[in-house]
Amino acid sequence: MTNAWTDIKNTDLVVVMGGNAAEAHPCGFKWVTEAKANRGAKLIVVDPRYTRTASVSDFYAPIRPGSDISFLMGVIRWCMENDKVQWEYVRNYTNAAFLVKEGFGWSDGLFTGYDEEKRDYDKESWDYQIGEDGYARIDPTLQDPRCVWNLLKAHVEAYTPEFVENICGTPKDKFLQICEMIGECSAPDRVMTSMYALGWTQHSKGAQNIRGMAMLQLILGNIGMRGGGMNALRGHSNIQGLTDLGLMSNLIPGYLNIPTEKEPDWQTYISARGFKPLRPNQTSYWQNYPKFMVSFMKAMWGDAATAENDWAYHYLPKLDVPTYDVLRMFELMKHGQINLYFCQGFNPLLSFPNRAKLTEALSRLKLLVVMDPLETETAHFWENHGIHNDVDSAAIQTEVLELPTTCFAEDEGALVNSGRWLQWHWAGGTPPGEARHDTWIMANIFLRLRKLYQDEGGVFPDPILNLTWDYADPSEPTPEELAREMNGRALKTVYDAKDPSTVLVEAGKQVKNFTQLQDDGSTMCGCWIYSGCWNEDGNNMARRDNSDPGDAGMFLNWSFAWPVNRRILYNRASADMQGKPWDPDRKLIEWTGEKWEGYDVPDIGVTSKPDEVMPFIMNQEGASRLFTRGMMRDGPFPTHMEPFESPLKNVFNDKMRGNPVSRVFADDAAQFATSDEFPFVATSYRLTEHFHYWTKHNKVNASLQPEFFVEISEELAAEKGIAKGGRVRVWGKRGEVWAKAVVTKRIKPMICDGKTVHVVGIPLHWGFKGAAKKGWGPNSLTPFVGDANVETPEFKAFLVNIEPSTEEPVA
């Protein structure tokens, strides 16, 4: 989230697309009801189903799964055409005025530079024109045909209301009503917030879905505003923390990058990341990358990381491929290229696509280790459960070890919520039986592994032997020790660079925050964005002062938000070029003539002059990006792409299937379905009564939603002869499931490109373990393909067939 849950109360308009907040985030949805009750805010829901969120909305419109980009580009077109633009914001705070290279263009659904054989783009033309002074050229008048604004205007020209109706199935009158409501929020004193979740991310172009709404919010001037922003709703209490701490195959904590083979040495690596400003006087805060990276390396390897050995850069792995994401890992596993799989705290057999492939892959392992507080389907993939897990147990030779862990209520530590708040919690219960904290398990594995290297040697033992492990009890680091390590401390006394006689932090003391980190080895920090969470003031994550000056919804003394306790990112953009709030009644920060101050921690240098330094300080431009240069694999603007399994051909290019740069493995490409055999669009979703695959182990939750079902329209039920509550078989190219049919008015057929499109909704909470009745999830049916940028699987749009089935077959 750019903003926070508590800030949603400040909005005038909530748009929920790609999510179902009332159902999947019912506690957080309280702030939507606050905005509606106290500000008269309106709620728009755009979704394939009439969801629980839609049931309390002011306006609902249906949309075909996988067509969100067309809808969003259509709204952007309408705003540009109808002058619903926050012009001062757009001219100064976005890259609308930047001039793009002459070679860049778009046609037939593709941007310039596409290589069909490589399924990738040469992005050389996706960049700005650079002047002799080294800065990007701009046209503040927005008249130059090569400026971003005019290229965007040309790009969205095709997305007329008629186009949107044809592709999305959204009736034209409903679409135009939504455009009118959104357009009102281009006024400086009107603000819209976007709320989205997995309904946008779980597509082969999920990142571009989010980009589309971010662009719309920039055009309206709503990023950085109270009640505005791009607000990603995390379904798991610590998903934000997972990405923050680098639990991705290509990341280091704090969104630093693991090097690639093209970066064999420290200088090559750093030179590609210390981004210089593209316009005069801009901050480009990633220029501090060396400080963050050196401090991380010192946290990892201490005295073994020195300037002389480039901070032990040779200890870091060098990626030979962009990522070793879950799809790639299971592809390698399937082909026998992985021997041991360590699975901590999740359930891939139900979480990843194409369950048949997952079972085949797990069966090729020599050893599977599962750390979890519950019995999971993954740990028991080898058991035969009839039709619910029809495997030949005797033929599976994988050894499985289950290591019982504690659950969150038995732990102490911090969880990071959607709004980037690190909130400390204390154990509410004692672990049962042999359950151990994850930290104890991992620490003991490390200590035994290090002992093996000490005794037996190895090809390259140095990174293991020299790893810093300065904990009071090496076998179980405490949450306090780990939090202080993430915050960082001074290894030597740190002096102010502007006044060398002034001490910033004494040796051995916790740094105040990441502004005190150094690139000379004098500081260590495990995660720079968390720096400030536990400094010399103590555990800031445990603060519980709910005072809220100005009733702004910031609550600065409640817990700690990264970065530096800031609650709204880019909050400098809440004020005009003179530093005065766009909306005086929604003041966030303002320029006093000498400094920035207000209700939030300024996201700008406190003394940075408002007419010089622009709000988007992480970007080289100082401005936000309507055009992303070469940063997105599938294009600098979002463009309509069909799902890999779709009832329609791509309207711009009927030869193009799915996202043209998504990675597709050969065996999986052969399993993509066509609408001739599988005419119905399926989509996955969640239920309030269940939490992923956990609460099916709880008898109360299992009683509330005991049985796997699929949801279909009355029209589809009539067409296929399916009775309410009757049994149905749903099948696709990769598998089949049996379910109870819930026939409702919540799903309606849509007309897209002259065809009737029926949607089948499939909730995901059932398996063959736990207290609930045995069932399946949508991943028995979903294709093994992901987003082109981050590889998130495409769970939200795929093809199936359905028929009545009186009984489930016997295996």
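**A walk through a predicted model**

Let me begin at one pair of residues in the structure above: the bridge partner of Phe342 is Val369, which belongs to strand β13.

Let me now step back to the whole protein, which has 21 helices and 33 strands. Its C-alpha atoms fill a box of roughly 85 × 70 × 55 Å, taken along the principal axes. For 811 residues, a compact globule would have a radius of gyration near 28 Å, and the protein, with 27 Å, agrees with that. Of these 811 residues, 58% count as buried.

What about the surface? Leu242, Leu245, Leu247 and Met248 form a nonpolar patch there, with about 320 Å² of accessible area together. One of them, Leu247, lies in the loop between α10, residues 239-244, and β10, residues 251-252, and because its relative accessible area is 60%, over the 50% cut-off, Leu247 counts as exposed.

Next, salt bridges, of which the count comes to 45. Arg633 forms one with Asp120, the closest N and O atoms being 3.5 Å apart. This pair links distant parts of the chain, since Arg633 is in the loop between β25 and α19 while Asp120 is in strand β7, 513 residues apart. Arg633 is partly exposed, at 24% relative accessible area, and Asp120 is also partly exposed, at 25%.

Asp127 forms a salt bridge with Arg629, where the closest N and O atoms are 2.9 Å apart. Asp127 lies in the loop between β7 and α5, and Arg629 in the loop between β25 and α19, so this pair ties together parts that are 502 residues apart in sequence. Arg629 is buried, with a relative accessible area of 14%.

The side chains of Lys769 and Glu383 also meet in a salt bridge, at 3.6 Å from N to O. Lys769 lies in the loop between β32 and β33, and Glu383 in the loop between β13 and β14, so parts 386 residues apart in sequence are tied together by this pair. Lys769 counts as buried, at 13% relative accessibility, and Glu383 counts as buried too, at 17%.

I will finish with the backbone, where most residues other than glycine have a negative phi, and most peptide bonds are trans. Which residues does a cis peptide bond join? Trp562 and Pro563, with omega at about -5 degrees. Pro563 lies in the loop between β23 and β24, and Asn565 has its place in the loop between β23 and β24 as well. Phi of Asn565 is near 70 degrees, a positive value, and Asn565 counts as buried, at 10% relative accessibility. Ala312, found in the loop between α12 and α13, has a positive phi near 60 degrees, and Ala312 is buried, with a relative accessible area of 0%.

Terms used: Residues are numbered from 1 along each chain as its sequence is written. This is a predicted model: local features need pLDDT of at least 70, side-chain atom pairs count only at pLDDT 80 or more; totals for chains, interfaces and linings use all residues. Side-chain values use heavy atoms; hydrogens and water are left out. Two strands pair if DSSP finds at least two bridges between them. Helices (H or I, at least four residues) and strands (E, at least two) are DSSP runs, numbered from the N terminus. Patches are made of residues with over 30% relative accessible area and no salt bridge: like charges are joined within 9 Å, nonpolar side chains (Val, Leu, Ile, Met, Phe, Trp, Tyr) within 5 Å. Accessible areas come from the Shrake-Rupley method with a 1.4 Å probe; for residues, only the protein chains shown count as cover. A salt bridge is a side-chain nitrogen of Lys or Arg within 4 Å of a carboxyl oxygen of Asp or Glu. Buried means under 20% relative accessible area, exposed over 50%, partly exposed in between (1.4 Å probe, protein chains only). The radius of gyration is taken over C-alpha atoms; the globule rule is 2.2 Å times the number of residues to the power 0.38.
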